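Student: Could you walk me through how to read a few features of this model? I'd like the general idea each time, then the case at hand.

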Amino acid sequence: MNDEFASGYAPAMSRRDLLSLIGAAAGSSAMYQAMISLGYAAESHYSGAIKLEGNPTATSVLILGAGLAGMVAALELRKAGYKVQVLEYQDRAGGRSWTLRGGDSYIELGGFKQICEFDKGLYINPGPWRIPYHHRALLDYCKRLNVALEPFIQINFNSYLHSNSAFDGKPQRYRHVMSDFYGHISELLAKATNQGKLDDAVTKEDKEILLEALKFWGSLDKDYAYKEGLIASYFGRGFDKEPGGGLDGAPVPSKPLARDDLLRSGLWRRLKNGLLYEFQHTMFQPVGGMDSIANAFQREIGSLIRFNTRVTEIKQSEKSVTVTYEDLSQGGTLSQVTADWCLCTIPLSVLSQIKMNVGSAMQAAIDAVPYAPAVKVGLQFKRRFWEEDDAIYGGVTYTDLPVRQISYPSTDFHKSGKGVMLGAYTFGTAAVEFTAMRPEDRVKATVGYGAQIHPQYKEEFENGIAVAWHRVPWTLGCYGMWTVDTRKQHYKGLCEIDGRIALAGEHASYLPAWQEGAILSSLDAISRLHKRVVGG
Amino acid sequence: MIRNNPFHVILRMVAIGFAASGPGSMAAADSAGPIPPSARFPQQGGQALYEAICQGCHMPDAEGAKGAGAYPALTANKKLEEGGYPVHLVVYGQKAMPAFGGFLSDEQVADVVNYIRTHFSNNYDTPVKPDDVKAIRQPDYNYVKLD
């Protein structure tokens, strides 16, 4: 993170800084700066379906990995006239684009086996689970391959923000935190404005506009106060007694959280999550599970994939690349395949262990990227109590408990019977600790933490399944963690074609952990590879 | 400066907020930066730390595991003889293994290293000291943040 923003508070504050501080408090400017420094706020580099023009005259490409990066490359290179083969470690295509349903069994590293006991039609996506509107490449492939999409609900104003150390551990509704944060900050700023403390910063005319904006934005009353009343209730936080019909229909306003309690709670920090560029509405999910995307690709190029193969060596000469692999369907017997070129999409956590004769720049890059811990836990409940009791339809509850995020399904609203929610989506040290537990203990812990927010867990919980990405046998980690320094030193070395070998995957993108990153890196790599082939 | 000035509070929150930017939100962002003490592992003692962190990959019996790639076994491991090697690995990581130095005190690093070096069929009886850990830490090193 940008040091400028992590270094703590300013030693002194001028009045002129007030406005920018407010902006910083809401996160926008700090976040924007941080993102700019990483090249983020840029548009997705996608300008429509790739055109690989020119005749590769039976040139062969061996693709390692049948995740999205590998399958996009297989689809496009075959279309361009290449001879394509794909080697995949698993017995399924899709890589981290993956869905677990009732009846699926999953064995993680260490031999810990889980059988998903969800009812028919219920699932979790242990890896990617949402698609932003600006992930143009992935959306285009969904369109071209007829993958049906539906809205993924990211922000829910009725979900909870929760901190164990704020408001006696009682979860607060998102809309309460949001309305009260905007209201209190607007009131303070209006006060400063009216006291003439911003006269150096704004003209007399702009002062009027600013006051008008603060009143509007913060739901302030005629005296620029944010307080309990119909204004605050109608314009954001809702009522203690909802407006109704008939004789007794008059609403009763609700009471705002105290300003200092709210500021110190830190809960406002999470207001920004759904507003970040990468999480802005509209978000999508494939109908029926993320693996709809993998299945669609597999329908197109599945015949090119050899499953159950574990790559042990990648060796290039001036003219070709030979890959040695264990054929796991044949007891691990060693086989080899040779092609003119190799596109390797194996995660760096695995690739860094594979013998490979590439130059020092690429090898150093492969060895420079640590992999992130992340854990997801899906829980099945007897009924959709979050809808029935709490009026929460989709969206995310954030907490500082180790489960970090609870997400409610974006589909099947009002369906009677059982439901599956994401009980934990956690990163950082909490994910490390979850990873170190037995799968059944992860589920148990998730239920215990979640019950602090939703007491219904105790009565309604039925079963769960936990995926800790460092224990996933085919990735040994969730995604590659880059820093400003490692990007500067190694990113180019990772992406440049080395002899006859090119790398692709989310790790070779500025969109780590996103499917879009995998696809864009793949399209970029095959474009450059194709240029070499047809350009001579 | 007035201690309880609300804007002071806001600023402090911003500082904390971005240092611990965290789950889901910033999977994409820079993964290095100052790590607040609250984000560190609370466990004390070698065994508790091993069971909370290391066994996630190296497994409860320290035998490691093998899939498309492998996690090395720590059992009867000659590379642990020289204490400085595992200390360096824990603090700075290696290849895909993240650095844990930002999340552990010098004492915690020494404790977990000594635990591994005296368990799992390892018997190296010259313990690593917290000062040995301190000595290898680069000042102001930007530890990866694990999210």
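Student: Take contacts in chain B between residues at least 6 apart in sequence: what percentage join residues at least 24 apart?

Tutor: Two residues are in contact if their C-beta atoms, placed from the backbone, lie within 7 Å. Among contacts in chain B between residues at least 6 apart in sequence, 58% join residues at least 24 apart. Keep in mind that this is a predicted model, where local features need pLDDT of at least 70, side-chain atom pairs count only at pLDDT 80 or more, and totals for chains, interfaces and linings use all residues. Residues are numbered from 1 along each chain as its sequence is written, with chains lettered from A and ligands numbered from 1 in the order in which they are written.

Student: Which elements does chain B have, and in what order do they run?

Tutor: Helices (H or I, at least four residues) and strands (E, at least two) are DSSP runs, numbered from the N terminus. Chain B has 5 helices and 2 strands, running α-α-β-β-α-α-α from the N terminus on. As for burial, a residue is buried if 20 or more other C-beta atoms, placed from the backbone, lie within 10 Å of its own, exposed if 12 or fewer, and partly exposed in between. In chain B, 48% of the 147 residues count as buried.

Student: On to sheets. What is the strand order in the open sheet of 5 strands in chain A?

Tutor: Strands of a sheet pair through backbone hydrogen bonds, either parallel or antiparallel. Two strands pair if DSSP finds at least two bridges between them. Here the order is β14-β2-β1-β18-β25 in chain A, with parallel pairing. β14 (305-306) and β25 (501-503) of chain A stand at the edges with a single partner strand each, so one side of each has no neighbour in the sheet. Between β1(A) and β18(A) (residues 341-344) there are 4 bridges, in the parallel sense, and Leu62(A) has Cys342(A) as its bridge partner in β18(A).

Student: Which strands pair with β13(A), and in what sense?

Tutor: Strand β7 (residues 131-132) of chain A is joined to β13(A) by 2 bridges and runs antiparallel; Pro132(A) has Met283(A) as its bridge partner. Strand β8 (residues 149-152) of chain A also pairs with β13(A) in the antiparallel sense, over 4 bridges, and there Pro151(A) stands opposite Phe284(A). In β13(A) (residues 283-286), Met283(A) and Gln285(A) point one way, Phe284(A) and Pro286(A) the other, and all are buried.
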